[in-house]
Amino acid sequence: IDEGMVVAYGTAKKSSFTGSASTVKADKLAERSVSNVTNALAGQVSGVQTIANNGQPGSAATVRIRGIGSMSASNSPLYVVDGIPFDGSISSINPQDIESMTVLKDASSTAIYGSRAANGVVILTSKRGKRGEKAKITISAQYGVSKMTGDNITMMNAEQWLNLQEVLDPSLKTNQSFQSEKDFYIKNGISTDWADVFFGGTAPMQQYDLSISGGTESLNYFLSFGHYDADGIMDDSNLRRETLRSNIETTIPKWLKAGVTLNLSYQKYATAAF
């Protein structure tokens, strides 16, 4: 059976598709513990660059498809979720609910979306139940910790920093107030390694997902609930996200198909500020 893929105008066999597109399947997504679907693209698709903007938990990566096309306008791709252009926060989608991601990179495969697709298109297809399949319950749990890596910088202590101030401003060597303060710090051993204070600990992350899928001869369904809670490596940075997805399709007469796709998301951010 030839592998299928979702494209702008429907579905196609991968071998017969002549445009430039790449697909990331659910099994590849499951191998990566990511909080955002944009981070799942990192290193998976040729011609696609993902850049982590910061270490804030749950923050979306900047995605560039085949480079930058404009110096002043937006260079972000168009996201399409289950056939509908998505203008909301991409971080509100639970990666565990995604069946596949297809990246359209050339003009022929993105023409249907017009100018919005000038920077490429990322098509996300959510999971659905199968007709005639018995109810299947899937439960997954993940736990991990984050820690700053590559921290090989040796910070100055208080005495070294005060000596540096005297080099930068020689008048401080004869400034009585400054010298009194310097003597006080040195005699009392007052010194703080701020890098260790802000980045020295570990930050826990936990994620729990529950889904139910299945179907009858005339109906298929997929229901899921996800809980994600992660602390940042800096104090007071945190993300808590609750997601609820419902994909239900039914065939009333043979010629009519009806369905409901619902995605609810609650996100609470806390950002470290200094």
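Tutor: Two strands pair if DSSP finds at least two bridges between them, and a strand here is a DSSP run of E with at least two residues, whereas a helix is a run of H or I with at least four, both numbered from the N terminus. This is a predicted model, in which local features need pLDDT of at least 70 and side-chain atom pairs count only at pLDDT 80 or more, while totals for chains, interfaces and linings use all residues. Residues are numbered from 1 along each chain as its sequence is written, and side-chain values use heavy atoms, with hydrogens and water left out.

Student: What makes β12 and β13 a pair?

Tutor: The antiparallel strands β12 and β13 are joined by 13 bridges, and the criterion asks for at least two, so they pair. One of these bridges links His 227 to Glu 242 of β13. The hairpin that β12 and β13 form has 6 residues between the strands, and in it Asp 236 takes a positive phi near 75°.

Student: How do you know that β11 and β12 pair as well?

Tutor: There are 11 bridges between β11 and β12, which run antiparallel, and at least two are required, so the pairing holds here too. Ser 211 has Ser 224 in β12 as its bridge partner, and the hairpin of β11 and β12 has 3 residues between the strands.

Student: Why is Gly 232 called buried?

Tutor: Gly 232 has a relative accessible area of 11%, and buried means under 20% with a 1.4 Å probe and protein chains only (over 50% is exposed, and in between is partly exposed), so the word applies. Gly 232 sits in the loop between β12 and β13 (238-251). Neighbours within four places in sequence aside, Gly 232 contacts Pro 57, Ala 203, Ser 237 and Asn 238, where contact means heavy atoms within 4.5 Å. From Gly 232 to Thr 202, 30 residues away along the chain, the C-alpha separation is 8.6 Å.

Student: Which residues have the most contacts inside the largest nonpolar core, and what makes a set of residues a core?

Tutor: A nonpolar core is a set of buried Ala, Val, Leu, Ile, Met, Phe, Trp, Tyr and Cys residues joined through side-chain atoms within 4.5 Å. The largest such set has 19 residues, and Val 37, Leu 41, Ile 98, Met 101, Val 103 and Leu 124 have the most contacts inside it. At least two residues come from each of β5 (62-65), β6 (78-81), β8 (98-104) and β9 (121-126), with β8 giving the most, 3 residues. Ile 98 touches, among others, Ala 26, Leu 29, Val 37 and Leu 124. A second, separate core has 7 residues, including Leu 104, Ala 117, Val 121 and Ile 123.

Student: What is the volume of the largest pocket, and which residues lie closest to its centre?

Tutor: On a 1 Å grid over the protein atoms alone, a pocket is an open set of points where a 1.4 Å probe fits, with protein on both sides within 12 Å along at least five of seven lines, and lining residues have an atom within 4 Å of a point. The largest pocket has a volume of about 520 Å³. Of its 22 lining residues, Glu 99, Lys 127, Lys 136, Ser 211 and Phe 222 are closest to the centre, and β10 contributes the most to the lining, with 5 residues.

Technical notes
Points joined across faces, edges and corners; volume = space filled by probe spheres on them.
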